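Subject: Structure handover

Hi there,

Here is the structure I promised to pass on to you. Please open it alongside this email, and then read on for what I found.

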Amino acid sequence: MRIVRLRITEMIKRVIARQRRHSTNRFAGESDGSRLVALGILLVTFGALTLASTLAIMPLPGHFGGSSALFGGIAIILFVVRTGTGAIYFDWIVLAVSSIGVGIVLYFDEQIADTLSLILVCTFLGSSVAARLWIGSTAFPRKAASWILASGCLGAISGLCVVAVWVFRMPPASSVILALDGLFQGLAIIGFGASLRETR
């Protein structure tokens with residue numbers, strides 16, 4: 001059994017190392033780091049607005065709980081497709097689609113009152129965490145990648161917190177948790193872009 005685990009671990013390490021070599025040319029343009037910083041600032045803004053609306057006595061007009069996740073996912077797709085070298089970065093697309101999925105679920109059930117809504121939110125959040133951990137494990141340079149990796153770890157904690165507040169029937173807390181996750185994801189992308197700029 002131990003030999004099997006060692007072989008699986010070695011295989012995963014080889015796959016990650018191969019992907020890291022392929023990632024060296026990602027976001028290699030002069031202004032790519034600045035564009036990623038701008039994307040991160042946009043995500044932080046979306047998260048902060050959602051957080052403010054959720055905690056306010058009078059919610060912002062036209063605002064709904066999943067707006068930061070929905071518009072944040074769309075922003076990631078637009079920025080990454082425009083910023084990249086012309087290739088489709090499927091891990092970033094998975095990250096964006098996962099955010100959009102969370103936003104759509106929260107649009108229809110902001111309080112995550114239904115069991116199906118909880119399952120869908122956890123599924124989308126889980127795929128977002130997996131994408132962030134993959135990007136953080138394979139991105140180059142390592143200093144920049146650590147920001148995304150940390151965001152993935154925080155996303156996993158957010159998922160556990162969403163389940164906990166659902167079990168203890170504290171629905172408004174779910175919107176706060178997901179808004180904070182989006183905000184921290186934006187901060188991670190700012191750190192990622194800033195680190196890329198330092199290495200250019």
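Below I go from the overall fold to the cores, then to helix packing and a few individual residues.

**Overall picture**

Please keep in mind that this is a predicted model. The chain contains 7 helices and 0 strands, and reading along the sequence gives the pattern α-α-α-α-α-α-α. Of its 200 residues, 44% count as buried. The accessible surface comes to about 10700 Å², and carbon and sulfur atoms account for 71% of that. If you look at contacts with a separation of 6 or more, 73% of them join residues 24 or more positions apart.

**The cores**

Which residues have the most contacts inside the largest nonpolar core? They are Phe27, Ile76, Trp92 and Phe192, in a core of 21 residues. Six helices each supply at least two residues of this core: H2 (32–55), H3 (67–83), H4 (90–108), H5 (115–138), H6 (142–167) and H7 (171–199). The largest share, 4 residues, comes from H7. Apart from this core lies another one, of 12 residues, which includes Val105, Val121, Val162 and Ile177.

Leaving aside neighbours within four places in sequence, Ile76 is in contact with Leu39, Leu43, Trp92, Leu95, Ala96 and Gln185. Not counting residues up to four places away in sequence, Ala75 touches Leu39, Leu42 and Phe46. Ala75 and Leu42 are 33 residues apart in sequence, yet their C-alpha atoms are 8.0 Å apart in space.

Val162, from the 12-residue core, has its place in helix H6. Its relative accessibility is 0%, so Val162 counts as buried. Setting aside neighbours within four places in sequence, the contacts of Val162 are Ile112, Leu118, Val121, Ser174, Ile177 and Leu178. Of these, Ile177 is 15 residues from Val162 in sequence and 6.9 Å from it in space, C-alpha to C-alpha.

**Helix packing**

Two packed helices are described by the angle between their axes and the distance between the axes. Here are two pairs to look at.

- H4 and H5: the axes come within 8 Å and cross at roughly 160°. That makes H4 roughly antiparallel to H5, since angles over 145 degrees count that way. The crossing is left-handed. On the H4 side, the residues making the contact include Asp91, Trp92, Leu95, Ser98 and Val105; on the H5 side, they include Ser117, Val121, Phe124, Ser127, Ser128 and Trp134.
- H5 and H6: the axes are 7 Å apart and the helices pack at an angle of about 165°. H5 and H6 are therefore roughly antiparallel to each other. The crossing of H5 and H6 is left-handed too.

**Two more residues to check**

Ile112 is found in the loop between H4 and H5. Its phi is near 50°, a positive value in a residue other than glycine. At 1% relative accessibility, Ile112 counts as buried, and it is among the residues that Val162 contacts.

Gln19 is found in helix H1 (residues 2–22). Which residues does Gln19 touch, not counting those up to four places away in sequence? They are Arg26, Trp134 and Thr138. Gln19 and Thr138 are 119 residues apart along the chain, while their C-alpha atoms are separated by 5.8 Å.

Conventions:
Residues numbered from 1 in each chain as written. Predicted model: local features only at pLDDT ≥ 70, side-chain atom pairs only at ≥ 80, totals over all residues. Heavy atoms only, no water. Core = buried A, V, L, I, M, F, W, Y, C linked by side-chain atoms within 4.5 Å. Buried < 20%, exposed > 50% of the residue type's maximum accessible area, 1.4 Å probe, protein only. Contact = heavy atoms within 4.5 Å. Areas by Shrake-Rupley, 256 points an atom, 1.4 Å probe, with all protein chains shown as cover. Axes fitted to C-alpha atoms, helices over the stretch in contact; angles between N-to-C directions. Parallel < 35°, antiparallel > 145°, perpendicular 65-115°, else oblique. Left-handed = near helix turned anticlockwise from the far one by under 90°.
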